[in-house]
Amino acid sequence: MSTRSATGDCVKVIAVVRPLIARELALGSSEALVIAEDSVATKSGHQFTYDGVSRGSEDELAVTYDVHVKEIVGGVLQGYNGSVMAYGQTGSGKTHTMGMGGDNAGAGMARRVFDTIFASIADCEAMTTVKVCTSFIEIYKDEIRDLLLDSEDPEATAMATAVTIRENPKEGGVYLNGARIVQVNDVQDCLSVLEEGILRRATAESTMNVRSSRSHAILTINVETKVGDAKATLAKLHLVDLAGSERVTLNESRGQRFKEGVQINMGLLALSNCISALTDANRREWGHVPYRDSKLTRLLQDSLGGNSRTVMFACVSPADTNADETLNTLKYANRARSIRNRVAVNFEKSTEAELKLKRQLDAATERIAQLEMLVNVLHEENKALKQATPESHAFSQVNMTPDVGSTPRTPMHTPVLGNTPMSELLESCRKARQRAVILLSTNSPAKSPLTTPRGSIDLGGW
Ligand SMILES: Nc1ncnc2c1ncn2[C@@H]1O[C@H](COP(=O)(O)OP(=O)(O)OP(=O)(O)O)[C@@H](O)[C@H]1O
Ligand SMILES: [Mg+2]
């Protein structure tokens, strides 16, 4: 098992090679993969390197989680989006690894993710408030269904069908509009949400899997963290359990299963095309990734090539009877490793009223800074006057010489001071004003005359 840590913005890929299962043993299958610390080799001579390789036991998955996933999950409290997804052929162990159904429901990655989030909240410094909300949907035959609404209830059904995908960079990228959102306060709440969704998720027995997922399931955890009066960070964490690719003939599917299989394969083909586009140097330069070809790829737009720290479990069967599908998964998983995401912290967005207040605050702060500089200038001038005329007590002994026919000048312009040498006085004032002008020109973008409560003072004349 690899111990390379999860840092950087590239998608992390962990290969999970589960043991042979009863069905495969019954078929007389044997293992056709050679597993090393961070690579998997097929008997047909292909070898692929990953960020980690696991045999899928609880102990190994626990280490994999600690090394590669935990940091991504903890990052949601700092405003980083995260995605943990499982990809692979039907029956390869995706749902088992994610803990999002079957015999491993409420365990696997999902349980560890919930534990990490609430342990991190408990460790937060004082003055921190964290709000955690969840939504849980499935994409069944390219339609979004809300797994947190009762499909027997007509009102809820109407609401469920109203779930749409929206995209707005200012709202944090791609998001679900209209899905039921449930606030969760502890791990138990999360497990209840998961359980509720799992019960409604489309599953059916197929030749390859007793409890085959017939839909892609996405559990989203939204986390809003606020420390004191600072701006809140907002992050979303997707837990994605994809439906498995299947060879329709191998699966011997009929009727409904066949139609589902075709739709599942189409969604996964769209996903493969996006992975190809994101990892193909030429196409990446052109900038077109066909996210819009399916609802699945639209929803995973942030997870693959967008603003998310992502770890993908590439689940494979070791059986020689699945060699072709396994090779396909291993190839795509290996390509996915070079997908570069653009990770950034998400902050809460300000409303118009908040923006207006902020602009007023900025203007007032700038005005205060200017007035403070003016006070300093006057203070220095006063000091200079005192030094020049120690016996004259500065302004108290200034004799004003009124201009004939005009308003009296201020002491700064035409002071006549007892027996103080005028040249000395002017020189010290000039220096003080020069310093103020330099200060203003470097600190104040407005470069406007200083404004005092009594009017404007033009410093340009000195
Ligand atoms: N790591 C593992 N250790 C032991 N058994 C496993 C492991 N992973 C999966 N299995 C078993 O393999 C079978 C198929 O697993 P799972 O349902 O998770 O496959 P899947 O990839 O989700 O398939 P589908 O795409 O059809 O939903 C299950 O019976 C499961 O218990
Ligand atoms: Mg499954």
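Author: Two strands are said to pair if DSSP finds at least two bridges between them. Helices (H or I, at least four residues) and strands (E, at least two) are DSSP runs, numbered from the N terminus. This is a predicted model, in which local features need pLDDT of at least 70, side-chain atom pairs count only at pLDDT 80 or more, and totals for chains, interfaces and linings use all residues. Residues are numbered from 1 along each chain as its sequence is written, while chains are lettered from A and ligands numbered from 1 in the order in which they are written.

Reader: In β14, which residue is the bridge partner of Cys133?

Author: Strands of a sheet pair through backbone hydrogen bonds, either parallel or antiparallel. Here, strand β7 (residues 128-140) and strand β14 (residues 216-227) run antiparallel and are joined by twelve bridges. Within β14, Asn222 is the bridge partner of Cys133.

Reader: Which residue in β11 stands opposite Cys133?

Author: That residue is Gln183. β7 and strand β11 (residues 182-183) run antiparallel, with two bridges joining them.

Reader: How many bridges does β7 form with β8?

Author: Four bridges link β7 with strand β8 (residues 143-146), again in the antiparallel sense. Opposite Glu138 stands Arg145 of β8. The hairpin of β7 and β8 has two residues between the strands, and Lys141 there takes a positive phi near 50 degrees.

Reader: How is the packing of two helices read? At what angle do α8 and α11 pack?

Author: Two packed helices are described by the angle between their axes and the distance between the axes. Helix α8 (residues 255-279) packs with α11 at an angle of about 40 degrees, and their axes are 9 Å apart. Angles under 35 degrees count as roughly parallel, over 145 as roughly antiparallel, 65 to 115 as roughly perpendicular and the rest as oblique. α8 and α11 are therefore oblique to each other.

Reader: Is the crossing of α8 and α11 left-handed or right-handed?

Author: A crossing is left-handed if the near helix is turned anticlockwise from the far one by less than a right angle, and right-handed if clockwise. α8 passes α11 in a left-handed crossing. Ser272, Ile275 and Thr279 of α8 make the contact with Tyr332, Arg335 and Ala336 of α11. By class, this contact of α8 with α11 has three nonpolar, two polar and one charged residues. Ala, Val, Leu, Ile, Met, Phe, Trp, Tyr, Cys and Pro count as nonpolar, Asp, Glu, Lys and Arg as charged, and the others, Gly among them, as polar.

Reader: At roughly what angle do α4 and α6 cross?

Author: The axes of α4 and helix α6 (residues 187-200) cross at roughly 150 degrees and come within 9 Å. That makes α4 roughly antiparallel to α6. The crossing in which α4 passes α6 is right-handed. Ala110, Phe114, Asp115 and Phe118 of α4 make the contact with Val187, Cys190, Leu191 and Leu194 of α6. The contact of α4 with α6 comprises seven nonpolar, no polar and one charged residues.

Reader: Finally, how many residues surround ligand 1?

Author: A residue is near a molecule or strand if its C-beta atom, placed from the backbone, lies within 6 Å of it. Ligand 1 is surrounded by 21 residues, the closest being Gly56, Gly93, Ser212, Ser213 and Gly244. Two or more residues of this shell come from each of α3 (94-98) and β13 (212-213), and α3 gives the most, with three residues. The shell around ligand 1 divides into four nonpolar, 13 polar and four charged residues.

Terms used. Axes are lines fitted to C-alpha atoms, for helices over the stretch in contact, and angles run from 0 to 180 degrees between N-to-C directions. Two residues are in contact if their C-beta atoms, placed from the backbone, lie within 7 Å.
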